[in-house]
Amino acid sequence: MNEMFYPSEEVLKNANVKDYESIYKRSIEDREGFWAEEAEKLNWYKKWDKVLDESNKPFYKWFVGAKTNIISNAIDRHLETANRNKMALIWEGEPGDVKTYSYHALNREVSKFANVLLSMGVQKGEIVTIYMPQIPELVIAMLACAKIGAVHSVVYGGFSYEALAERIADANSRILLTADGGYRRGKATALKCIANEAMRRSPTIDVCITVKRTGDECFMENDRDFYWHNLMGMPIAGANADTVELDAEDPLFILYTSGTTGKPKGLIHTHGGYQVYTSTTFNYVFDIKPEDRWWCAADPGWITGHSYIVYGPLINGATIMLYEGAPNHPYPNRWWSMIEKYGINILYTSPTAIRGLMRFGASWVDKHDISTLRLLGSVGEPINPEAWRWYYEVVGKGKCPIMDTWWQTETGGFMITPIPTMPLKPGSATKPFFGNEIAIVDEKGEEVKANEEGTLIVKSPWPGMARTILNDPDRFIEKYWKQFEKQGWYLAGDSARKDDDGYFWIIGRIDDVLKVSGYRLGSAEIESALVSHPAVTEAAAVGLPDKLRGNSIHAFVILKQGYSSDSQLAEELKDYVAKEIGPIAKPAEIIFSDGLPKTRSGKIMRRVLKARALGQDEGDLSTLED
């Protein structure tokens with residue numbers, strides 16, 4: 001926790017923002033003034049009457065009375081500047097096909113598809129469900145919905161027909177946008193077949209528009225199913241379309257959380273506050289320069305993709321990289337070859353992806369000239385220090401600061417994060433982003449001492465926050481605001497600690513904290529200890545009931561190439577954890593595995609491991625990748 005990595009003189013000299021402490025202090029003392037200044041950097045049809053309306057907590061409203069549309073900032077304003085001919089999007093498919101779009105060309109495609117949606121009777125406020133692979137049409141569809149005031153609900157293109165049908169029904173969608181398939185690890189996924197099964201269970205769908213991606217045959221129902229390319233080639237798809245003027249609090253999109261248990265939650269984000277928050281966080285944290293080529297290697301179907309593939313980068317006029325397939329297909333150098341090929345400056349990815357590529361060693365990275373990289377980023381879960389160091393030293397060559405960001409679907413953007421000029425500690429998300437007061441508290445709401453574990457809460461509202469849960473405001477209150485209702489604090493659901501330097505360390509979901517003989521241990525710290533062993537590339541720790549100790553620790557381990565599983569290595573790993581953390585953390589059992597159950601966003605589903613070990617019902621598995 002005391003290991004520090006300091007920014008180079010070059011980073012300090014060229015950074016857009018150099019003094020975190022003074023800006024943070026000012027943003028807390030005059031929060032509304034700070035956000036008003038950031039909002040002034042964007043275009044508005046009409047300015048706000050009030051920055052923040054707190055009259056109906058926790059249903060906060062931002063930039064009340066303002067008229068806007070996120071497209072006016074993500075596309076329209078760039079058409080009046082030199083950005084018009086700048087590259088907006090570079091896309092590479094897994095088979096190697098490439099498409100590029102300037103801001104001018106992106107506007108043309110978005111306008112054409114906006115007219116297609118209007119011709120299908122799409123109204124302002126109507127929810128359009130999108131179920132596509134990582135192809136440019138997914139981004140175009142999202143932007144076209146926003147342009148005409150429709151609300152998009154992107155369902156990740158790896159979800160099952162049950163998960164898709166459930167989300168269509170909850171959103172009461174009439175329009176579904178999909179593709180015949182997409183490529184993943186050299187195979188075509190039959191998305192339209194999955195969509196057909198979902199529509200069979202979803203009588204609300206009147207129109208399904210399908211992108212021809214793989215060319216595989218799929219059933220198309222008369223009067224319901226249309227091909228994207230046919231519609232885009234018709235007179236209805238005119239190249240000009242008006243961007244609809246909206247209220248700042250009008251909904252922009254619905255995004256469903258993974259729904260590991262229970263019914264998925266459709267979180268609502270709005271045009272005004274969300275555009276201010278995503279553009280501001282993106283600009284400050286990743287120090288964006290006009291010449292940058294930005295690659296967020298997530299999927300647009302997750303909040304990471306919404307905020308930091310699509311909206312945040314486009315508002316800032318960045319050039320976006322989008323890739324369809326797996327990071328190690330056909331070989332483990334796929335990402336590194338693309339960074340070299342396209343001259344990528346910033347890579348933002350998940351610890352899961354980093355650990356997966358780390359298994360193959362440094363040689364695959366070193367085959368390529370990736371010296372264009374100047375910043376790295378991490379998202380999705382706490383990054384263990386061993387993976388952090390590999391990412392920093394092998395990928396970043398010791399010169400690229402790592403922006404380790406903590407945030408959620410609910411928050412819309414980064415909440416705890418460094419900026420490039422801050423000293424970094426491997427595994428820590430560092431400090432709160434501007435305007436955010438964040439604390440670690442006990443069950444009574446009292447702040448715990450430095451280095452003590454507790455519950456992470458946010459004390460103050462922020463512009464990017466979700467406004468409510470679709471059709472279920474009571475659940476919104478119960479899930480996020482009820483526990484600390486008197487104080488008015490947002491409950492993040494994560495366990496964390498803050499060290500003597502004020503750096504935050506996210507331990508994991510509160511449900512993933514294990515109590516062993518009265519001690520609280522985070523699954524993440526046990527997993528980090530295991531991954532720091534030279535034989536281990538990935539690990540997951542769960543607690544199983546133990547009459548004597550309350551819980552006993554069972555660890556599932558994936559080994560690096562060249563190591564074989566045996567009882568001697570298992571004992572060595574148990575002792576290693578005890579040495580790294582303490583005897584209390586020594587696993588009762590080490591289980592060697594070829595893989596771990598993960599959501600398609602890369603999060604380990606520890607509850608599935610626990611249920612399997614106990615012989616219990618595993619619950620909803622629709623979000624699992626495998």
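Contact, on this tour, means heavy atoms within 4.5 Å. What you have open is a predicted model, where local features need pLDDT of at least 70, side-chain atom pairs count only at pLDDT 80 or more, and totals for chains, interfaces and linings use all residues. Residues are numbered from 1 along each chain as its sequence is written, and side-chain values use heavy atoms, with hydrogens and water left out.

**Stop 1: R509**

Select R509, which sits in strand 25 (residues 504-509). Strands here are DSSP runs of E, at least two residues long, and helices are runs of H or I, at least four; both are numbered from the N terminus. (Buried means under 20% relative accessible area, exposed over 50%, and partly exposed in between, using a 1.4 Å probe and protein chains only.) Setting aside neighbours within four places in sequence, show Q408, A492, G493, D494 and S495, which R509 contacts.

**Stop 2**

Go to T210 in strand 11 (residues 207-211). T210 has a relative accessible area of 0%, so it counts as buried. Leaving out neighbours within four places in sequence, its contacts are T178, A179, D180, K192, M220, F226, Y227 and W228.

Next, pick T468, in strand 23 (residues 468-469). T468 counts as buried because its relative accessibility is 17%. With neighbours within four places in sequence again left aside, T468 touches F59, G266, L267, I268, P473 and F476.

**Stop 3**

Angles run from 0 to 180 degrees between N-to-C directions, and axes are lines fitted to C-alpha atoms, for helices over the stretch in contact.

Zoom in on strand 4 (residues 87-92) and strand 17 (residues 319-323), which run parallel and are joined by four bridges. Which residue in strand 17 is the bridge partner of W91? Pick L322.

**Stop 3: the nonpolar core**

A nonpolar core is a set of buried Ala, Val, Leu, Ile, Met, Phe, Trp, Tyr and Cys residues joined through side-chain atoms within 4.5 Å. The largest one has 151 residues, and F63, F113, L143, L177, F286 and W336 have the most contacts inside it. Helix 6 (residues 136-147) gives the most to this core, with nine residues. Click L143: apart from neighbours within four places in sequence, it contacts I71, I75, L106, V110, V310, Y311 and L314. Another core, of 21 residues, lies apart from the largest one; A529, V536, V557 and L559 are among its members.

**Stop 4: helices 10 and 11**

Select helix 10 (residues 271-285) and helix 11 (residues 303-315), whose axes come within 8 Å and cross at roughly 85 degrees. The two helices are therefore roughly perpendicular to each other. (Under 35 degrees counts as roughly parallel, over 145 as roughly antiparallel, 65 to 115 as roughly perpendicular, and the rest as oblique.) On the helix 10 side, show Y274, Q275, T278, S279, T281 and F282; they meet H306, S307, Y308, Y311, G312, P313 and I315 in helix 11.

**Stop 6**

Strand 29 (residues 550-559) runs parallel to strand 30, with four bridges joining them. Find H554, whose bridge partner in strand 30 is E589. Finally, select helix 17 (residues 523-531): eight of its nine residues are buried, including I526, L530 and V531.

Terms used
Pairing = 2+ DSSP bridges.
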